[in-house]
Amino acid sequence: SVHVRRLVSEGTRPRLPWAPRLPAFVADPRPCLPLLHALVDDPEEYVRRSVANHVNDISKDHPGLAVETCRTWLAADKSRRRLVAHGLRTLVKQGDSRALDVLGAADAKGLDASGSVSPKRARIGGAVVVEAAVTNHGRARTVVLDVRVHYRKASGGTGPKTFKLAEF
(Lines give C-alpha, C1' and ligand atoms only; values in the text may rest on other atoms or scores of the structure.)
Protein backbone atom coordinates (compact mmCIF):
# COMPACT_ATOMS: atom_id res chain seq x y z
CA SER A 1 0.00 0.00 0.00
CA VAL A 2 1.25 3.49 -0.85
CA HIS A 3 0.12 4.63 2.60
CA VAL A 4 2.15 1.97 4.38
CA ARG A 5 5.23 2.84 2.29
CA ARG A 6 4.81 6.51 3.15
CA LEU A 7 4.35 5.62 6.82
CA VAL A 8 7.74 3.88 6.75
CA SER A 9 9.36 7.18 5.79
CA GLU A 10 7.14 9.53 7.82
CA GLY A 11 7.05 7.39 10.94
CA THR A 12 10.84 7.33 11.23
CA ARG A 13 11.45 11.03 10.52
CA PRO A 14 13.63 12.50 13.27
CA ARG A 15 11.82 15.87 13.33
CA LEU A 16 8.18 15.09 12.71
CA PRO A 17 6.15 18.26 12.09
CA TRP A 18 3.02 16.67 13.59
CA ALA A 19 4.47 14.70 16.50
CA PRO A 20 7.31 14.83 19.06
CA ARG A 21 10.86 14.45 17.82
CA LEU A 22 12.43 11.00 17.80
CA PRO A 23 15.60 11.64 19.86
CA ALA A 24 17.26 8.36 18.90
CA PHE A 25 16.99 9.20 15.18
CA VAL A 26 17.97 12.84 15.77
CA ALA A 27 21.16 11.55 17.42
CA ASP A 28 21.83 8.86 14.80
CA PRO A 29 19.67 8.67 11.66
CA ARG A 30 21.74 5.90 10.03
CA PRO A 31 19.26 3.11 10.96
CA CYS A 32 16.69 4.89 8.76
CA LEU A 33 18.89 5.01 5.65
CA PRO A 34 18.14 1.45 4.41
CA LEU A 35 14.44 2.29 4.58
CA LEU A 36 14.95 5.50 2.59
CA HIS A 37 17.14 3.69 0.04
CA ALA A 38 14.30 1.21 -0.50
CA LEU A 39 11.80 4.04 -1.09
CA VAL A 40 13.85 6.57 -3.10
CA ASP A 41 12.52 5.22 -6.42
CA ASP A 42 8.97 4.50 -5.27
CA PRO A 43 6.48 4.88 -8.14
CA GLU A 44 4.35 7.29 -6.05
CA GLU A 45 5.36 10.96 -5.78
CA TYR A 46 3.57 10.95 -2.38
CA VAL A 47 6.16 8.50 -1.03
CA ARG A 48 9.19 10.08 -2.75
CA ARG A 49 8.23 13.50 -1.33
CA SER A 50 8.18 11.98 2.16
CA VAL A 51 11.66 10.54 1.56
CA ALA A 52 12.89 14.01 0.56
CA ASN A 53 11.32 15.54 3.68
CA HIS A 54 13.01 12.86 5.79
CA VAL A 55 16.39 13.70 4.24
CA ASN A 56 15.74 17.39 4.93
CA ASP A 57 15.14 16.51 8.60
CA ILE A 58 18.43 14.61 8.68
CA SER A 59 20.22 17.59 7.11
CA LYS A 60 19.39 19.78 10.09
CA ASP A 61 21.42 17.65 12.52
CA HIS A 62 23.74 15.68 10.19
CA PRO A 63 24.31 17.80 7.06
CA GLY A 64 27.26 15.72 5.87
CA LEU A 65 25.27 12.49 6.01
CA ALA A 66 22.36 14.07 4.11
CA VAL A 67 24.68 15.47 1.44
CA GLU A 68 26.53 12.17 0.93
CA THR A 69 23.26 10.21 0.78
CA CYS A 70 21.93 12.57 -1.88
CA ARG A 71 25.23 12.54 -3.79
CA THR A 72 25.06 8.71 -3.92
CA TRP A 73 21.43 8.74 -5.05
CA LEU A 74 22.04 11.30 -7.78
CA ALA A 75 25.18 9.56 -9.05
CA ALA A 76 23.17 6.36 -9.48
CA ASP A 77 20.21 7.99 -11.25
CA LYS A 78 19.95 11.58 -12.55
CA SER A 79 16.14 11.36 -12.56
CA ARG A 80 16.29 11.69 -8.76
CA ARG A 81 17.35 15.36 -9.02
CA ARG A 82 13.96 16.75 -7.96
CA LEU A 83 13.87 14.53 -4.86
CA VAL A 84 17.49 15.40 -4.00
CA ALA A 85 16.91 19.14 -4.44
CA HIS A 86 13.88 18.98 -2.14
CA GLY A 87 15.82 16.95 0.42
CA LEU A 88 18.69 19.45 0.46
CA ARG A 89 16.51 22.59 0.43
CA THR A 90 17.42 23.77 3.93
CA LEU A 91 21.14 23.41 3.24
CA VAL A 92 20.78 25.17 -0.12
CA LYS A 93 18.96 28.08 1.55
CA GLN A 94 21.86 28.29 4.01
CA GLY A 95 24.32 28.42 1.10
CA ASP A 96 25.98 25.11 2.06
CA SER A 97 28.64 24.57 -0.60
CA ARG A 98 28.47 20.75 -0.28
CA ALA A 99 24.71 20.72 -1.01
CA LEU A 100 25.13 23.19 -3.87
CA ASP A 101 27.92 21.01 -5.27
CA VAL A 102 25.62 17.96 -5.34
CA LEU A 103 23.17 20.03 -7.40
CA GLY A 104 25.96 21.29 -9.67
CA ALA A 105 25.78 24.90 -8.45
CA ALA A 106 28.72 25.32 -6.04
CA ASP A 107 31.30 26.95 -8.30
CA ALA A 108 30.70 30.71 -8.46
CA LYS A 109 34.00 31.60 -10.17
CA GLY A 110 33.31 33.74 -13.20
CA LEU A 111 29.88 34.83 -12.00
CA ASP A 112 29.02 38.45 -11.23
CA ALA A 113 25.78 39.24 -9.44
CA SER A 114 24.22 42.58 -8.66
CA GLY A 115 20.84 43.65 -7.51
CA SER A 116 18.69 46.24 -5.87
CA VAL A 117 15.71 46.40 -3.57
CA SER A 118 13.30 49.29 -3.49
CA PRO A 119 12.33 50.59 -1.00
CA LYS A 120 15.09 49.56 1.43
CA ARG A 121 12.58 49.29 4.30
CA ALA A 122 9.19 47.86 3.44
CA ARG A 123 5.95 48.77 5.16
CA ILE A 124 3.38 46.18 6.15
CA GLY A 125 1.05 45.74 3.19
CA GLY A 126 3.43 47.65 0.93
CA ALA A 127 5.14 46.50 -2.25
CA VAL A 128 8.83 45.78 -2.75
CA VAL A 129 10.63 45.54 -6.08
CA VAL A 130 13.63 43.19 -6.28
CA GLU A 131 15.87 43.36 -9.34
CA ALA A 132 18.81 41.05 -9.95
CA ALA A 133 21.33 40.54 -12.72
CA VAL A 134 23.73 37.62 -13.06
CA THR A 135 26.50 37.60 -15.64
CA ASN A 136 28.40 34.43 -16.45
CA HIS A 137 31.94 35.09 -17.67
CA GLY A 138 32.90 31.42 -17.48
CA ARG A 139 31.64 28.03 -18.54
CA ALA A 140 28.04 26.80 -18.66
CA ARG A 141 26.78 25.97 -15.17
CA THR A 142 23.76 25.75 -12.90
CA VAL A 143 22.99 28.96 -11.01
CA VAL A 144 20.70 29.12 -7.98
CA LEU A 145 19.46 32.62 -7.19
CA ASP A 146 17.84 33.29 -3.82
CA VAL A 147 17.02 36.45 -1.91
CA ARG A 148 17.29 36.72 1.86
CA VAL A 149 14.92 39.13 3.59
CA HIS A 150 15.49 40.20 7.19
CA TYR A 151 12.31 40.89 9.09
CA ARG A 152 11.51 42.26 12.53
CA LYS A 153 10.61 39.59 15.08
CA ALA A 154 8.13 39.99 17.94
CA SER A 155 11.12 40.14 20.33
CA GLY A 156 12.42 43.24 18.53
CA GLY A 157 15.38 41.50 16.89
CA THR A 158 15.60 40.55 13.24
CA GLY A 159 15.61 37.20 11.50
CA PRO A 160 16.30 36.08 7.93
CA LYS A 161 13.88 34.38 5.53
CA THR A 162 15.23 32.99 2.25
CA PHE A 163 13.08 32.98 -0.88
CA LYS A 164 13.83 31.07 -4.09
CA LEU A 165 14.05 33.40 -7.08
CA ALA A 166 15.30 31.19 -9.86
CA GLU A 167 17.45 28.28 -10.93
CA PHE A 168 18.90 28.40 -14.40
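**Exercise 1.** Determine what joins the side chains of arginine 71 and aspartate 101, and where in the chain the two residues lie.

*Solution.* The side chains of arginine 71 and aspartate 101 meet in a salt bridge, with 3.1 Å from N to O, where a salt bridge is a side-chain nitrogen of Lys or Arg within 4 Å of a carboxyl oxygen of Asp or Glu. Arginine 71 lies in helix 5 and aspartate 101 in helix 8 (residues 97-102), so the pair ties together parts that are 30 residues apart in sequence. Helices here are DSSP runs of H or I with at least four residues, numbered from the N terminus. Next comes accessibility, for which buried means under 20% relative accessible area, exposed over 50%, and partly exposed in between (1.4 Å probe, protein chains only). Arginine 71 has a relative accessible area of 29% and is partly exposed, and aspartate 101, with 41%, is partly exposed as well.

The model is a predicted one, in which local features need pLDDT of at least 70 and side-chain atom pairs count only at pLDDT 80 or more, while totals for chains, interfaces and linings use all residues. Residues are numbered from 1 along each chain as its sequence is written, and side-chain values use heavy atoms, with hydrogens and water left out.

**Exercise 2.** Work out which parts of the chain are tied together by the pair of aspartate 57 and arginine 13, and decide whether each of these residues is buried or exposed.

*Solution.* Begin with the contact: aspartate 57 forms a salt bridge with arginine 13, and their closest N and O atoms are 2.8 Å apart. Because aspartate 57 lies in helix 4 (residues 45-61) and arginine 13 in the loop between helix 1 (2-10) and helix 2 (23-27), the pair ties together parts that are 44 residues apart in sequence. Aspartate 57 is buried, with a relative accessible area of 2%, and arginine 13, at 7% relative accessibility, also counts as buried. Finally, a network of salt bridges links Glu10, Arg13 and Asp57.

**Exercise 3.** Describe how arginine 48 and glutamate 45 are placed in helix 4, and state how many salt bridges the structure holds.

*Solution.* Arginine 48 and glutamate 45 both lie in helix 4, three residues apart, which is about one turn of the helix. Their side chains meet in a salt bridge of 2.7 Å, N to O. Arginine 48 counts as partly exposed at 23% relative accessibility, and glutamate 45 is partly exposed with a relative accessible area of 32%. The structure holds 13 salt bridges.
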